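User: Please take a close look at one part of this model and describe how it sits against the rest. Give the cut-offs behind the terms as you use them.

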Amino acid sequence: MTDQTTETGASGEAGSPGAAVSPGAAGRLTVPLPRPGDLATVADARAAIDGIDAALATLLEHRAAVAGVVQRLKPVGGFAGRDAERERRIVAAMAERAPSLGPHRLARIMNEVIEAGLEAAAATGSGDRKNVQAPARGSRLA
């Protein structure tokens, strides 16, 4: 098993009790990343997934908060201010780290992440002066 340490928000909070995620020093999140071949039972595999999901939720929350800052700083924010070329670069960089998912699947995932972040920014007032109306569903990144 290897651990992945990721920078997070000041709290370093992560997931539910018992999850295999440990907040380290403020601003760090350490996540056990077991090798799939080392998981011998369904229970072991599900426990690993639970820990990864807890870390993923923490990272998504932090990403949405930082994206809210972007919404406040951009001259045109919300859905109208989306930068398709930047989104393609994000997906391409992620595809290098997640080759089994590939750009097409990651584009779908990141489109949802970006839209959820924009909606969260609007709900918290981060984008209240921006055009944050959701467009028709569908991937902009594909």
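Analyst: Ala 122 is in helix H3, where helices are DSSP runs of H or I with at least four residues, strands are runs of E with at least two, and both are numbered from the N terminus. The model is predicted: local features need pLDDT of at least 70 and side-chain atom pairs count only at pLDDT 80 or more, while totals for chains, interfaces and linings use all residues. Residues are numbered from 1 along each chain as its sequence is written, and side-chain values use heavy atoms, with hydrogens and water left out.

Ala 122 is partly exposed, as its relative accessible area is 28% (buried means under 20%, exposed over 50% and partly exposed in between, with a 1.4 Å probe and protein chains only). Its C-alpha atom is 7.8 Å from that of Gly 78, a residue 44 places away along the chain. Ala 107 also belongs to helix H3. That residue is buried, with a relative accessible area of 2%.

Helix H3 has two packing partners to describe here, H1 and H2. Two packed helices are described by the angle between their axes and the distance between the axes.

Take H1 to begin with. Helix H1 covers residues 42-73 and helix H3 covers residues 102-124; their axes come within 9 Å and cross at roughly 60 degrees (axes are lines fitted to C-alpha atoms, for helices over the stretch in contact, and angles run from 0 to 180 degrees between N-to-C directions). H1 is therefore oblique to H3, given that angles under 35 degrees count as roughly parallel, over 145 as roughly antiparallel, 65 to 115 as roughly perpendicular and the rest as oblique. On the H1 side, Leu 60, Arg 63, Ala 64, Gly 68 and Gln 71 take part, and they meet Met 110, Val 113, Ile 114, Gly 117, Leu 118 and Ala 121 of H3; contact means heavy atoms within 4.5 Å. Sorted by class, this contact of H1 with H3 has 7 nonpolar, 3 polar and 1 charged residues (Ala, Val, Leu, Ile, Met, Phe, Trp, Tyr, Cys and Pro count as nonpolar, Asp, Glu, Lys and Arg as charged, and the others, Gly among them, as polar).

The other partner is helix H2, residues 84-97, which packs on H3 at about 125 degrees with the axes 9 Å apart. That angle makes H2 oblique to H3. The crossing of H2 and H3 is right-handed. H2 contributes Glu 87, Ile 90, Val 91, Met 94 and Ala 95, and H3 contributes Gly 102, Pro 103, Leu 106, Ala 107, Met 110 and Ile 114. The classes in the contact of H2 with H3 are 9 nonpolar, 1 polar and 1 charged residues.

The loop between H1 and H2 holds Phe 79. Phe 79 is buried, because its relative accessibility is 6%. Its C-alpha atom lies 7.0 Å from that of Leu 118, 39 residues away in sequence. Gly 81 is in the loop between H1 and H2 too, and is buried at 14% relative accessibility. Apart from neighbours within four places in sequence, Gly 81 touches Lys 74 and Val 76. The C-alpha atoms of Gly 81 and Gln 71 are 8.4 Å apart, at 10 residues apart in sequence.

As for the whole protein, it has 3 helices and 3 strands, in the order β-β-β-α-α-α from the N terminus on. It has 142 residues, and 32% of them count as buried. The average pLDDT is 79, and 70% of the residues score at least 70 (pLDDT is the predictor's confidence in each residue, from 0 to 100). Residues 6-20 have a pLDDT below 50, although this stretch has 32 contacts in the model beyond near neighbours in sequence. Residues 129-137 are also below 50, with 23 such contacts. Where pLDDT is low, the predicted coordinates should not be read in detail.

Notes: A crossing is left-handed if the near helix is turned anticlockwise from the far one by less than a right angle, and right-handed if clockwise.
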